Amino acid sequence: MSLTLAELLQFDAVRDARPEVLAGHRALDRPVRWVHSSEIYEIGPLLSGGELLLTTGLGLAGSDAGARRHYVRDLAERGVSGLAVELGRSFPDVPAELIDEATRQGLPLIVLRAVVPFIRMCEAANTAIVDEAARRLRLGDRVTRALNDALISGAGIAGLLRTAVDVTGAPVVLTTASGALVASYGVPDDHAAWATVDAAAADAEVIVHGRAWGRLVAGAGSALPAEDLAATIERTATALAVEILRTGDPPTERERHAAALLADLVAAGALAPAEAAVRTGLAGFRPPPGRMLVGVAVDAPETRPAVTLIDQAARLLGTSALRARVRESVLALVVADTVGAVEKAFVEAGHRSGAPQITVAIGYPVPATSTPDWAASLENSRAALALALTGARRGGTRPTVVPARTLALELELRRGGGTDAFVERTIGPLVAWDAQHHTELVRTLELYLRHGASVTRTAAVLHLRRQSLYQRLERIETLLGHPPADPALYPALLAACLLVTTRSR
């Protein structure tokens with residue numbers, strides 16, 4: 001905290017001179033940057049502002065009243081903190097015109113009625129000023145190092161706010177320029193965060209790309225002087241701007257609700273319908289009635305490219321997505337009726353973005369009305385992602401887009417679950433269609449796969465015309481949402497068909 005004129009007047013070296021304030025009483029809280037002595041009449045141009053000027057008035061003794069007024073006006077225009085005149089050598093008392101002009105200018109004018117060497121007063125005051133400046137430099141260095149460490153370690157927005165609280169001891173709140181709450185630290189809840197904003201002790205703008213992106217606010221409770229608190233918040237705001245430029249915008253309030261919702265689905269497996277309706281609304285996600293949702297898991301070095309990829313895929317699909325980072329990956333629920341459509345959208349989005357080191361795993365389509373199914377689709381996508389990455393770590397090629405259906409058999413063997421769930425996830429729509437329409441789509445698919453996807457051989461075994469078989473295969477593809485001849489699906493599809501046809505014999 002800068003030394004003020006009022007504080008300087010309490011120094012022993014100054015008090016020994018028996019100071020008395022004759023003018024500018026209301027400006028005694030001015031900071032004093034330096035204490036200087038001079039007898040030069042035209043000293044003004046040599047000063048830079050913030051000084052307390054000590055003089056015996058020698059340079060004024062031979063001047064008239066007008067010149068003395070000009071001397072005071074010149075000092076006031078230079079922004080000096082105050083003028084102290086020692087009596088006895090040049091003046092028995094301070095000239096009235098000096099007092100009057102200092103009063104007009106609001107410049108503190110101090111008379112020193114006892115003789116104290118100016119060097120003694122300068123040494124005492126300037127030593128304190130230098131010590132205070134050094135302390136502030138040390139604090140600034142400590143703050144900068146702490147913020148840099150947080151940036152380098154990847155602590156993110158939360159880590160930078162925590163660093164600011166550790167240094168200042170005051171709660172901090174980050175809002176957008178429009179006033180939306182982004183993040184806080186040192187407060188128990190959002191209500192307390194807004195109370196902190198309303199009673200701000202210091203604040204600073206977060207400038208990104210030359211524009212005000214947001215505002216960082218520090219609340220009451222800091223042991224730091226006001227100037228140090230303000231400087232620390234300014235440094236933290238700059239570090240936040242660097243973090244935002246590096247990783248993208250921190251989560252909005254909707255994104256925080258989305259992250260909490262997806263995390264709870266992963267942890268709990270289901271939500272009550274009423275709770276799901278409220279929480280999806282808070283997250284800004286309202287899937288249309290009658291549509292399906294597909295769980296998606298994305299592995300990427302950073303959150304922002306993964307989120308951007310999901311948003312791009314949703315735009316290509318003409319739908320919406322609920323997405324957020326949960327634990328080690330970015331998860332999403334995408335509105336789409338078939339896995340094939342989602343796969344194509346992510347492949348296209350990946351080509352457009354050109355972002356490397358991103359792997360997308362896609363779960364199964366589930367009804368938009370069933371939160372247990374949401375959780376199951378998310379879990380399938382997460383399991384498929386883990387399996388795909390494990391294969392890549394063992395020397396395989398890192399895949400870009402992996403539908404869970406291509407790993408259905410491996411996932412089922414790893415899961416150790418019942419065969420009913422495996423069949424439902426793999427060829428459930430075919431089983432349901434056969435039961436409802438008394439057809440043989442499952443049997444057709446089994447023979448088609450057994451005969452190497454040969455239309456001619458399969459048609460001969462089924463005693464069908466090729467055109468009739470093509471119609472069945474088209475129906476199968478429509479119901480499954482993907483081509484049945486995909487080599488990656490052979491093992492799982494054939495195993496599921498065998499399970500169904502074996503039971504029916």
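Axes are lines fitted to C-alpha atoms, for helices over the stretch in contact, with angles from 0 to 180 degrees between N-to-C directions. Helices are DSSP runs (H or I, at least four residues), numbered from the N terminus. The model is predicted: local features need pLDDT of at least 70, side-chain atom pairs count only at pLDDT 80 or more, and totals for chains, interfaces and linings use all residues. Residues are numbered from 1 along each chain as its sequence is written, and side-chain values use heavy atoms, without hydrogens and water.

**View A. Helix H3 (residues 65–78) against helix H4 (residues 96–105).** The two axes come within 9 Å and cross at roughly 30°. The crossing of H3 with H4 is right-handed (near helix turned clockwise from the far one by less than a right angle). From H3, Ala65, Arg68, Arg69, Val72, Arg73 and Ala76 make contact (heavy atoms within 4.5 Å). Their partners in H4 are Glu97, Leu98, Asp100, Glu101, Ala102, Arg104 and Gln105. The H3–H4 contact holds five nonpolar, one polar and seven charged residues (Asp, Glu, Lys and Arg count as charged; Ala, Val, Leu, Ile, Met, Phe, Trp, Tyr, Cys and Pro as nonpolar; the others, Gly among them, as polar).

**View B. The buried residues of helix H17 (residues 455–462).** Val455, Thr458, Ala459 and Leu462 are buried (under 20% relative accessible area, 1.4 Å probe, protein chains only). They lie on the same side of H17, because they cover an arc of only 100° around the axis (from directions of the helix axis to the C-beta atoms). These buried residues pack against helix H16 (441–450) and helix H18 (466–480). His463 follows H17 and has a positive phi, near 60°.

**View C. Ala274 in helix H10 (residues 273–282).** Ala274 is exposed, at 57% relative accessible area (exposed means over 50%).

Note on methods:
Helices (H or I, at least four residues) and strands (E, at least two) are DSSP runs, numbered from the N terminus.
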